[in-house]
Amino acid sequence: MRLPGLDLLRAIAIAWVMLFHSFVVGGLGPQWSWLSRYGWMGVDLFFVLSGFLIGAQVLRPLAAGGRLAWREFYLKRAFRILPAYWVVLALYLWWPAFREAPGLEPAWKFLTFTLNLSIDYSSNGAFSHAWSLCVEEHFYLVLPLLTTLLAGHMTARRLVWLCAAIVVGGIALRSGAWWHNHAIDPQMQQRNWFVEDIYYPTWNRLDGLLCGVLLAAFKIWRPRAWETAQRHADLVLVAGLAVMALAMWLFADRTGLVGNAVGWPVLSLGLALLVFAGAGTRSCIARRRWPLAGWLAAISYSLYLVHKGVYHLVQSQWGHALQGSGVLAFVVYGGTAIAAGALLHYSVERPFLRLRERLPSLRRQPPAQVTS
């Protein structure tokens with residue numbers, strides 16, 4: 001069953017990311033910068049959603065006293081992620097005209113999902129948005145291992161200490177990387193150390209995933225408390241928007257120390273409150289289905305993969321005509337990207353999802369409450 005609130009949040013996330021990435025074709029113009037400036041936060045919304053949905057898949061059998069079916073879990077992830085990803089990677093490798101930047105990292109970094117750990121962003125920026133897929137894949141690998149090791153040994157107090165260690169550790173790592181690099185190269189003239197050492201590495205981006213997993217744990221282990229809290233979903237939604245406003249203030253300087261030290265956990269908390277509001281049926285964003293939101297959410301993964309390459313193709317053909325057109329230009333760029341994303345979804349992603357459901361070992365699994 002798909003939840004309208006989560007579909008809406010996923011649709012907002014992909015649209016926001018697409019707005020942000022309009023910089024690859026010159027942006028929307030200064031009068032529209034307020035709309036696209038914080039679009040990178042859409043990726044963090046995806047992280048919270050992923051933490052919640054995947055966390056529920058991993059934690060649910062453990063809460064029932066069973067064990068995670070490892071083979072089925074990784075097969076489901078592989079069928080979900082790899083086919084469309086490999087197709088788009090092939091486009092980047094074998095069709096240079098598709099690349100939104102001249103340079104491309106070696107194929108092995110994409111195939112091993114290590115791109116985000118060693119990218120030369122200034123020279124090889126093409127398909128760099130695959131960094132977030134690397135973070136997701138590392139999450140898929142580590143979460144089942146961690147929960148299996150801790151099963152039966154995790155108390156509420158230990159969980160609090162573990163979460164605090166992850167949050168504080170992330171603050172320390174990002175702050176240390178910022179101070180070190182800023183002392184050496186304050187203007188980022190030698191390399192874009194903010195992207196390479198702070199923004200992309202997995203160990204610096206755990207806050208959103210952690211908040212999502214905690215939401216899943218709350219729903220699974222404290223169902224009555226979850227339902228009680230859902231009665232106040234609209235209030236939680238307002239609180240989430242307020243916390244996000246605080247995060248935007250902290251990230252007024254996106255590459256500054258304050259935002260990159262404490263901004264990430266604040267942002268993740270705000271997004272987690274939004275996801276909580278969307279994960280029920282009582283908030284204003286969850287009580288009804290929003291036009292096109294479910295469809296856009298369904299194709300969001302394919303759309304995320306192709307949109308920057310499609311932007312570049314459109315720019316190479318009609319860039320001069322669209323220059324300075326602001327929102328109209330984005331309608332053309334975005335509409336073309338959506339068409340390409342839908343094509344990839346229906347021709348590659350969806351057939352493999354259907355094939356996944358026909359596998360006997362996966363067909364025996366109970367249906368998830370929310371598809372992913």
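## Close-up legends

**View 1. Val88, with a relative accessibility of 0%, counts as buried.** Buried means under 20% relative accessible area, exposed means over 50%, and partly exposed is anything in between, using a 1.4 Å probe and protein chains only. What you're looking at is a predicted model, in which local features need pLDDT of at least 70 and side-chain atom pairs count only at pLDDT 80 or more, while totals for chains, interfaces and linings use all residues. Residues are numbered from 1 along each chain as its sequence is written, and side-chain values use heavy atoms, with hydrogens and water left out. Val88 sits in helix 4, residues 70-94. Helices here are DSSP runs of H or I with at least four residues (strands are runs of E with at least two), numbered from the N terminus. Setting aside neighbours within four places in sequence, Val88 is in contact with Phe98, Phe127, Leu305, Val306 and Leu344, where contact means heavy atoms within 4.5 Å. Take Phe127: 39 residues separate Val88 from Phe127 in sequence, and their C-alpha atoms are 9.1 Å apart in space.

**View 2. Here helix 4 meets helix 7 (residues 131-150), with axes that come within 12 Å.** The two axes cross at roughly 180°. Each axis is a line fitted to C-alpha atoms, for helices over the stretch in contact, and the angles run from 0 to 180 degrees between N-to-C directions. Helix 4 and helix 7 are therefore roughly antiparallel to each other. For angles, under 35 degrees counts as roughly parallel, over 145 as roughly antiparallel, 65 to 115 as roughly perpendicular, and the rest as oblique. On the helix 4 side, Trp70, Phe73, Tyr74, Arg77, Ile81 and Tyr85 make the contact. Helix 7 brings Leu133, Glu137, Tyr140, Leu141, Pro144, Leu145 and Thr148.

**View 3. Val310 is a buried residue, with a relative accessible area of 6%, in helix 15 (residues 300-322).** Leaving out neighbours within four places in sequence, Val310 is in contact with Phe98, Thr336, Ala337 and Ala340. Phe98 is also one of the contacts of Val88.

**View 4. Asp44 and Arg205 form a salt bridge, their closest N and O atoms being 2.5 Å apart.** A salt bridge is a side-chain nitrogen of Lys or Arg within 4 Å of a carboxyl oxygen of Asp or Glu, and by this rule the count comes to 10. This pair links distant parts of the chain, with Asp44 in helix 3 (residues 41-63) and Arg205 in the loop between helix 9 and helix 10 (206-221), 161 residues apart. Asp44 is buried at a relative accessible area of 3%, and Arg205 counts as buried at 2%.

**View 5. Another salt bridge joins Asp207 and Arg174, with 3.2 Å between the closest N and O atoms.** Asp207 lies in helix 10 and Arg174 in helix 8, so the pair ties together parts that are 33 residues apart in sequence. Both Asp207 and Arg174 are buried.

**View 6. Asp185 is buried yet has no salt bridge.** You'll find Asp185 in the loop between helix 8 (156-184) and helix 9 (193-199). The nearest side chain of opposite charge is Arg191, 6.5 Å away; Lys and Arg count as positive and Asp and Glu as negative, while His and the chain ends are not counted. What does the side chain of Asp185 reach at 2.8 Å? The backbone nitrogen of Gln190. Not counting residues up to four places away in sequence, Asp185 touches Gln190, Arg191 and Trp193.

**View 7. Arg191 pairs with Asp197 in a salt bridge, at 2.5 Å between the closest N and O atoms.** Arg191 counts as partly exposed at 30% relative accessibility, and Asp197 counts as partly exposed at 23%. Salt bridges that share partners join Arg191, Glu196 and Asp197 into one network.

**View 8. Met188 and Leu292 each show a positive phi without being glycine.** For Met188, phi is near 55°. Met188 is found in the loop between helix 8 and helix 9 and is partly exposed, with a relative accessible area of 24%. Leu292 has a phi of about 70° and sits in the loop between helix 13 (257-278) and helix 14 (293-298). Is Leu292 buried or exposed? At 66% relative accessibility, Leu292 counts as exposed.

Note on methods
Polar contact = N/O pair within 3.5 Å; in protein donor to acceptor, adjacent residues only side chain to side chain.
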